[in-house]
Amino acid sequence: MARGATPGQQEPTDWVTRAADDAIRHARAGREGVEGGADELITCASGASPSGPIHLGNLREFLTVHFVAEEIRRRGIAVRHLHSWDDYDRFRKVPAGVDPAWAEHIGRPLSAVPDPWECHESWAEHFKEPLRNALAELGVQMDEVSQTVEYRAGAYRDQILTAVSRRADIERVMARYRTKAAEPAADPEVEGAQDLSDSVANDDETTGEDELARFPYKPYCRECGRDTTTVTAYDDESTDLSYTCTSCDFTGVTNLSTQHEGKLVWKVDWPMRWSVEGVDFEPGGVDHATPGSSYTVGKQLVKEIYGGRAPSFVGYSFVGVAGMAKMSSSKGGVPTAADALKVLEAPILRWLYVRRQPKQAFTIDFGPEVVRLYDEWDSLGRKAANPDKRDAQTLAFERARATSTAGTLPTPEVVVPFRILSSVADVTAGSAELISTTISNVGHEHSSVAELEPRLGKAMTWTAEFVPPEDRTTVRESPDVARLAALTEDEELWLSQLLDRMPDDLDLAEITTLIYGVPKLARGLGLDDAPTEQVKADQKEFFRLLYHLLVDADRGPRLPTLFVALGAEKVRSLLRA
């Protein structure tokens, strides 16, 4: 029986189900007639360049593959999530906040650029590590491949020689798609590749200088390590490639059969790796699937040059944060997965990505939306607990909450609404123990701080680091003597009724009844009587008065919660002159 399904109930499906179906069909179709082919490992691949912080847009690359691989594994089929670090890409520019002297390294592989913060062996490793840590917290496991290691070890020697020997065929494929306004020029910038898309071809075949200008292999200079090289000659028989470097004026020769000092240009490199790694599924940004783009061209090249097949493909749209559009990791200053995990439980961050079709763009708001997001997640959890209500929404909840390798991801043993935790953290500005005690007093009993984690810590962090100072609750240190001296007759009566009846030990239910009931008492009603329209108007004025006297604002956390958090002694000190 399917996961979570009851007898007679149809298993819900979603985009993950369909992508897994496509990946399995692709794998089996490519292995028809091969002994044991149906049982062979399915490869789901991702790739990213560690040129800067791996932001929440990049995270979609990793999680899309992760969810599809998880679904395949759930069906009992052998699968791997293979991730390629494109750390042999060129260093493009020095981002803000980095010593301008690092411009010296522009054009060198990311793996060869020193870490300006001096905590990792290279620029690339500096940005890989925090992402690895975040993925571990998210329950994502993958087999990692460094393209620096692969290229320098000669792992692609035969494929490079094939591409170079068939460069005229590659150019014919490129010419079919080349337009003046082709795919955004991310490929040559990111990869250090010569631009194979923006020039207009007048002939099906190029010769002489044109052939060398579009050479499918780019050497790094042996002298200075940069990719600012121009191919000047190539000997097919010896496989000697001659080049000059515009940065250091070095003139050299590299042998493609015995020396491994460069890489294929991006639009050839990607399909080459599909064939080598046997990739069955790989997503990419939606811009990679437009006419003339990397995937479109790659489909032809992998078939015509390497005799392989393009993987099944899912295009994903961009992920933004509140007030920002498409993100660029080399610009910095954008939230990463590690930043998001400071305030979002791992299952919730996973849920943001799995609940939407990959082609749907969305924005993650680190402001007040976080509170609503937790409320929505908790509500979905209650729905998912009922097997009779199982649907695509609860399927997304299940995918987000657990993995096949990590099991159920950390969630609090005692679930307290995030809005309450953050409100108490805001009011008390205290330790986790103080917040924990207050939470018990407002009706969420528990025996230790640990039972509230990881949500408690995330609520504290959100309140301290993400809530603007003007939106924070600041409790008065002393009473507003002037305002207390100017109380109206009704206001004096309200405060008198409140202070006379308020106990020393505040219980949330009791203080809630009293706060809402004071205006009723002033109008001759009982605490439990239904409020009249006049009483409702009085309640609004009374609440406004309390907020002013306690936190110098017109509104704030729920008053009963605020009272319990402050304690009876503090409340009395601020409500009396």
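Guide: Helix α13 passes helix α17 in a left-handed crossing, that is, the near helix is turned anticlockwise from the far one by less than a right angle (clockwise would be right-handed). This is a predicted model, where local features need pLDDT of at least 70, side-chain atom pairs count only at pLDDT 80 or more, and totals for chains, interfaces and linings use all residues. Residues are numbered from 1 along each chain as its sequence is written, and side-chain values use heavy atoms, with hydrogens and water left out.

Visitor: Why is α13 called roughly antiparallel to α17?

Guide: The axes of α13 (residues 369–384) and α17 (residues 455–466) cross at roughly 160° and come within 12 Å. Angles over 145 degrees count as roughly antiparallel, under 35 as roughly parallel, 65 to 115 as roughly perpendicular and the rest as oblique. The pair α13 and α17 is therefore roughly antiparallel.

Visitor: Which residues meet between α13 and α17?

Guide: From α13 come V370, V371, Y374, W377 and D378, and from α17 come R455, K458 and W462; contact means heavy atoms within 4.5 Å. By class, this contact holds 5 nonpolar, no polar and 3 charged residues.

Visitor: What makes α2 roughly perpendicular to α12?

Guide: The crossing angle between the axes of α2 (residues 56–74) and α12 (residues 346–354) is roughly 85°, and the axes come within 10 Å. That angle is why α2 counts as roughly perpendicular to α12. On the α2 side the contact uses L56, L59, R60, L63, H66 and F67, and on the α12 side L349, R350, Y353 and V354. The contact of α2 with α12 divides into 7 nonpolar, 1 polar and 2 charged residues.

Visitor: How do you know that β2 and β3 are paired?

Guide: Strand β2 (residues 79–85) and strand β3 (residues 143–146) run parallel and are joined by 4 bridges, whereas pairing requires at least two DSSP bridges. W85 stands opposite S146 in β3. Together with helix α3 (residues 123–137), β2 and β3 make a right-handed β-α-β unit.

Visitor: Why do β5 and β7 stand at the edges of their sheet?

Guide: The open sheet has 3 strands in the order β5-β6-β7, with antiparallel pairing. β5 (229–235) and β7 (251–255) each have a single partner strand, so one side of each is without a neighbour in the sheet. From one strand to the next, the twist averages 25°.

Visitor: What makes β6 and β7 a pair?

Guide: 5 bridges in the antiparallel sense link strand β6 (residues 240–245) to β7. S242 has V253 in β7 as its bridge partner.

Methods
Axes fitted to C-alpha atoms, helices over the stretch in contact; angles between N-to-C directions. Helix = DSSP H or I, 4+ residues; strand = E, 2+ residues; numbered from the N terminus. Nonpolar A, V, L, I, M, F, W, Y, C, P; charged D, E, K, R; others polar. Right-handed = clockwise from strand over helix to strand, strands pointing away.
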